[in-house]
Each structure stands twice: as C-alpha cells, then as structure tokens.
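Open the model in your viewer and keep the selection tool at hand. The tour goes from one selection to the next.

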Amino acid sequence: MSPLRTFIVEDNKVIFDNLVSTLEELANVEVIGHAVDEQGAVQWLSQGDRFDLMIVDIFLLSGSGLGVLKAA
C-alpha cells in the first residue's frame, strides 16, 4: 500500500515535529508539504501537487485554517 501523501498546516514547530514523528510511526504517511500560515498553504495548494490527506491547524500565526480549507 502506498503511503498517504500528506500536507500539514501547523505554525508551532514542536507540535509539527511531534505530529510528523507520530504519524510516521503509527501510519503509512509521507509528509510532502508543510506551511505555517494561510498564505503559504494557499500558495502550496495552487501548485497543484496531489495529496491524500491534509491536516490543518485552525489558529495560525497569519490567516486562518478556515481560509486554507476554503482554498482546498
């Protein structure tokens, strides 16, 4: 089975690092992209990269996770 190609939007480095290590340990996950704010996430999404799973923090340093979901 192919790994779940995952894009993560999280502004806290500690949470991001723990999330990635936990996901990779417990599931077949490959993190293919990461953004820390709405603008970066929307820019990444506009490149058209294919992903299977997106994990989004609602409260970001700049913008909102809801704006990311709307763009997706």
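Helices (H or I, at least four residues) and strands (E, at least two) are DSSP runs, numbered from the N terminus. This is a predicted model, in which local features need pLDDT of at least 70 and side-chain atom pairs count only at pLDDT 80 or more, while totals for chains, interfaces and linings use all residues. Residues are numbered from 1 along each chain as its sequence is written, and side-chain values use heavy atoms, with hydrogens and water left out.

Select Asp57 first. Asp57 sits in the loop between β3 (53–56) and α3. Is Asp57 buried or exposed? Asp57 is buried (buried means under 20% relative accessible area, exposed over 50%, partly exposed in between; 1.4 Å probe, protein chains only). Asp57 has no salt bridge (a side-chain nitrogen of Lys or Arg within 4 Å of a carboxyl oxygen of Asp or Glu). Lys13, the nearest side chain of opposite charge, is 15 Å away (Lys and Arg count as positive and Asp and Glu as negative; His and the chain ends are not counted). Now show the backbone nitrogen of Phe59: the side chain of Asp57 reaches it at 3.3 Å.

Next, select Lys13 and Asp17. Their side chains meet in a salt bridge (3.0 Å, N to O). Both residues lie in helix α1 (residues 13–26), four residues apart, about one turn of the helix. Lys13 is exposed at 60% relative accessibility, and Asp17 is partly exposed at 33%.

Last, select Arg50 and Asp52. A salt bridge joins their side chains (3.6 Å, N to O). Arg50 is exposed, at 61%; Asp52 is partly exposed, at 39%. The structure holds two salt bridges.

Methods: A polar contact is a pair of N or O atoms within 3.5 Å; within protein, one must be able to donate a hydrogen and the other to accept it, and residues adjacent in sequence count only if both atoms are side-chain atoms.
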